[in-house]
Amino acid sequence: MLPFADTHVHLLPGRDDGPLTVDEALAMCRLLVAEGVRHAAALAHQNPSYPTNDAAALRTAVADLQPLLAARQIPLQLYPSGEIMLGPDFIDQWKAGRWLTLGDAGHALLVEMPHGQFLDLLPLADYFRPLGIRLVVAHAERYPELLFDPGLAQRWIAAGCLLQVSTSALAEPWDHTTEQALKDWAVGGFIHLLGSDGHGIDRRRPLFRQGYQQLVRWVGRAAAERIAVLWGGAILQGLPIHVPLPRPPRRTWFHRLFG
Ligand SMILES: [Fe+2]
């Protein structure tokens, strides 16, 4: 079985809107393993709603959870991470050591837009690139401004950004238009990482395999493995990832209408 890497899953009990208890977090970990996941970004929101979720607190939460997995023989490696909301004081908070990088590896920040807003990431990407840090756009499919503007997505990727897509969106797209846009992203090389964005065991479950299988149907096994296994595992471990510049598929009027 392939060791999938889930680069976005809320696993830290009581730290955000993810699992409420240790038992729920453990049940989520068991489900991830059943889905084929062996590496997981164990994260919580870092935003004004959860002011105590600084980097140190999230590191401690993961350090508390990992031994419980070992004791129960749940073969899942956790990587402490934060899902960080963009805001005007983003760089100040970074300088203050508040943000936790993906896998605590110091090479990537998983960022999401403030509620109801869409910001240009280029200035921030330009700030972090000389520091050897890339921005990873969490659940990138949620932003129509990005999903339906391949030129913008290309510019962000050229600036070093990576796009993370939710497995649930691949497995069960909201509508045909979104499905077609996601397929275009997949075929054009715009999808770099997968995340379940799991939050619990009874709601927003951490499902992974179905989304991966959709990717296999669209781009073939080798490309899907590169995303779900290789790049995902590498980003969590702080290893370099070289992604090719994406190519938006040329779509004829026939495909636009009937594709
Ligand atoms: Fe999330």
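Predicted model: local features only at pLDDT ≥ 70, side-chain atom pairs only at ≥ 80, totals over all residues.
Let's call a residue buried when its relative accessible area is under 20%, exposed when it is over 50%, and partly exposed in between, using a 1.4 Å probe and protein chains only. Residues are numbered from 1 along each chain as its sequence is written, and side-chain values use heavy atoms, with hydrogens and water left out.

Start with the overall picture. The protein has 11 helices and seven strands; these are DSSP runs numbered from the N terminus, with helices being H or I of at least four residues and strands E of at least two. Its radius of gyration is 17 Å, close to the 18 Å that the globule rule gives for 259 residues, so the protein is as compact as a globular protein of that length. (That radius is taken over C-alpha atoms, and the rule is 2.2 Å times the number of residues to the power 0.38.) Along its principal axes, the C-alpha trace spans about 55 × 40 × 30 Å. Now take contacts, meaning heavy atoms within 4.5 Å: of those with a separation of 6 or more, 76% come from residues 24 or more positions apart. As for the surface, the protein exposes about 11,500 Å², and carbon and sulfur atoms supply 55% of it. Those accessible areas come from the Shrake-Rupley method with a 1.4 Å probe, and for residues only the protein chains shown count as cover.

Next, find strand E4, residues 108-112. E4 is mostly covered, with five of its five residues buried. In a regular strand, side chains alternate between the two faces of the sheet. In E4, Ala-108, Leu-110 and Glu-112 point one way while Leu-109 and Val-111 point the other.

Which strands does E4 pair with? Two strands pair if DSSP finds at least two bridges between them. One partner is strand E3 (residues 77-85), which pairs with E4 in the parallel sense over three bridges. Met-85 has Glu-112 as its bridge partner in E4. To get from E3 to E4, the chain passes through helix H3 (residues 90-95), making a right-handed β-α-β crossover. Right-handed here means that, with the strands pointing away from the viewer, the path from the first strand over the helix to the second runs clockwise.

Another partner is strand E5 (residues 134-137), which runs parallel to E4 and is joined to it by four bridges. E4, helix H4 (residues 122-128) and E5 make a right-handed β-α-β unit. Carry on to strand E6 (residues 162-166), which runs parallel to E5 and is joined to it by two bridges. Val-136 turns up again here, with Leu-162 as its bridge partner in E6.

Helix H4 deserves a stop of its own. Leu-122 lies in this helix and is partly exposed, with a relative accessible area of 23%. Leaving out residues up to four places away in sequence, Leu-122 touches Arg-155, Trp-156 and Ala-159.

Now for the aromatic rings. Rings of Phe, Tyr and Trp (its six-membered ring) pair if their centres lie within 6.5 Å, and planes under 30 degrees apart count as stacked, over 60 as edge-to-face and the rest as tilted. The count by this rule comes to nine aromatic pairs. Take Phe-90 and Trp-99: their ring centres are 5.5 Å apart and their planes are at 35°, so the pair is tilted. Phe-90 and Trp-99 are both buried. In Tyr-127 and Phe-128, the ring centres are 4.9 Å apart and the planes are at 85°, so that pair is edge-to-face. Tyr-127 is partly exposed, at 28% relative accessible area, whereas Phe-128 is buried, at 0%. Phe-90, Trp-94, Trp-99, Tyr-127 and Phe-128 form one aromatic cluster.

Finish with two loop residues. His-139 sits in the loop between E5 and helix H5 (144-147), and its phi is near 30°, a positive value in a residue other than glycine. His-139 is buried, at 1% relative accessibility. Arg-204 is in the loop between strand E7 (193-195) and helix H9 (209-219). Arg-204 has a positive phi of about 45° without being a glycine, and counts as partly exposed at 43% relative accessibility.
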